[in-house]
Amino acid sequence: MDRTSKLLLRKVIIDFVCLIIVGLAVLMFYCFGKPYKRGFFCNDESLMHPYLSSTVTSAMLYVTGLFLPICTMIAGEYLYRRQYSTESSKVLFGYTIPPWLWMAYIKVGTFGFGAAITVLITDIAKYTIGRLRPHFMTLCVPDINCSLPENQYRYIEHFSCTAQGISSKLLKEMRLSFPSGHSSFSAYTMIYLAIYLQLRITWKGSKLLKHLLQLICISMAWFTAMSRVSNYKHHWSDVLAGSSIGTVVALIVVFCISDLFEERQSSCRVEKQQPTGDYEAAEAGTQLSPGS
């Protein structure tokens, strides 16, 4: 194996190991994490909302949040590299990797790493804080007589849930309100996608098309966040914190890991160095002629 292939293979292996480490940490929280046992006040009206189904389910969130940006980045890199081919092809085990495929790997890889980081940061806060969801009273029905005077305005830590037919998963989930995972994940994926569209859509046929697509991305994240409040899955502060986490991680990944706009500036410098067309050269010569 030649030195170039070794370096390329080492880079790919290290990238996958980093992604797997973060992914395993997320999986450990999901399978074995135990949220902090937080108590409640009997007169806390924010915990007395009904239990409703989610408008945006977890399946919808993760399929859309991953599938849409990844497909967009693959198509975007392919179309962009066909028009602006400045990188040389990579060679691995004697096989030539086209520039667009290598750049798509980098874009999708950093995007996936950022998504995993977003989920991990969110889960660390969820399990550390253990905030009760707005439907806690409805879902749990704690064995505390809140009508008794001695239970009024008393912080109750020791209780058991008496609701029938409630799975252990739901009993665990009712303690994972802060911050909102839907809000953080949708904010990260859609803001990252909106910034990527700013980088890759260079079509001059319309001034507003790119910004319309970006508006759709941001609106999807906004709708997801608001649905978590209207479905009584989270308090408004949970959604605010989750959206903030997703936004901050997206900006860090874009400007510090992916370096998307440094790449844009390099492409602009290459375009400026390209020779002008015949018409532009003739026009410039006419403007510089003595008779002009």
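Predicted model: local features only at pLDDT ≥ 70, side-chain atom pairs only at ≥ 80, totals over all residues.
A crossing of two helices is termed right-handed if the near helix is turned clockwise from the far one by less than a right angle.

The protein chain comprises 10 helices and 4 strands. Read from the N terminus, these elements follow the order α-β-α-β-β-α-α-β-α-α-α-α-α-α. Of the 292 residues in the chain, 37% are buried. The accessible surface amounts to about 17000 Å², and carbon and sulfur atoms account for 66% of this area. When contacts between residues at least 6 apart in sequence are considered, 82% of them link residues at least 24 apart.

Two packed helices are described by the angle between their axes and the distance between the axes. Helix α3, spanning residues 99–129, and helix α6, spanning residues 181–200, have axes that come within 9 Å and cross at roughly 155°. Because angles over 145 degrees count as roughly antiparallel, α3 is assigned a roughly antiparallel orientation relative to α6. The crossing of this pair is right-handed. On the α3 side, the contact is formed by K107, T110, F111, G114, A115, T118, V119, T122 and K126. The α6 side contributes G181, S184, F185, Y188, T189, Y192, Y196 and R200. By class, the contact residues of α3 and α6 comprise 7 nonpolar, 7 polar and 3 charged.

Helix α3 also contains F113. With a relative accessibility of 25%, F113 is classed as partly exposed, since this class lies between the buried limit of under 20% and the exposed limit of over 50%. Apart from neighbours within four places in sequence, the contacts of F113 are with C18, L19, V22 and I257.

The crossing of α7 with α8 is right-handed. Residues A225, M226, R228 and V229 of α7 meet W236, V239 and S243 of α8 in this contact. The residues involved in the contact of α7 with α8 fall into 5 nonpolar, 1 polar and 1 charged.

Several backbone features occur in loops. In the loop that connects α7 and α8, Y232 adopts a positive phi of about 60° although this residue is not a glycine. The relative accessibility of Y232 is 28%, so the residue counts as partly exposed. V141, likewise not a glycine, has a positive phi of about 50°. V141 is located in the loop between α4 (136–140) and β4 (155–156). With 37% relative accessibility, V141 is therefore also assigned to the partly exposed class.

The peptide bond between F178 and P179 is cis, with omega at about -10°. P179 is placed in the loop between α5 (168–173) and α6.

Definitions and conventions. Residues numbered from 1 in each chain as written. Heavy atoms only, no water. Helix = DSSP H or I, 4+ residues; strand = E, 2+ residues; numbered from the N terminus. Contact = heavy atoms within 4.5 Å. Nonpolar A, V, L, I, M, F, W, Y, C, P; charged D, E, K, R; others polar. Buried < 20%, exposed > 50% of the residue type's maximum accessible area, 1.4 Å probe, protein only. Areas by Shrake-Rupley, 256 points an atom, 1.4 Å probe, with all protein chains shown as cover. Axes fitted to C-alpha atoms, helices over the stretch in contact; angles between N-to-C directions. Parallel < 35°, antiparallel > 145°, perpendicular 65-115°, else oblique.
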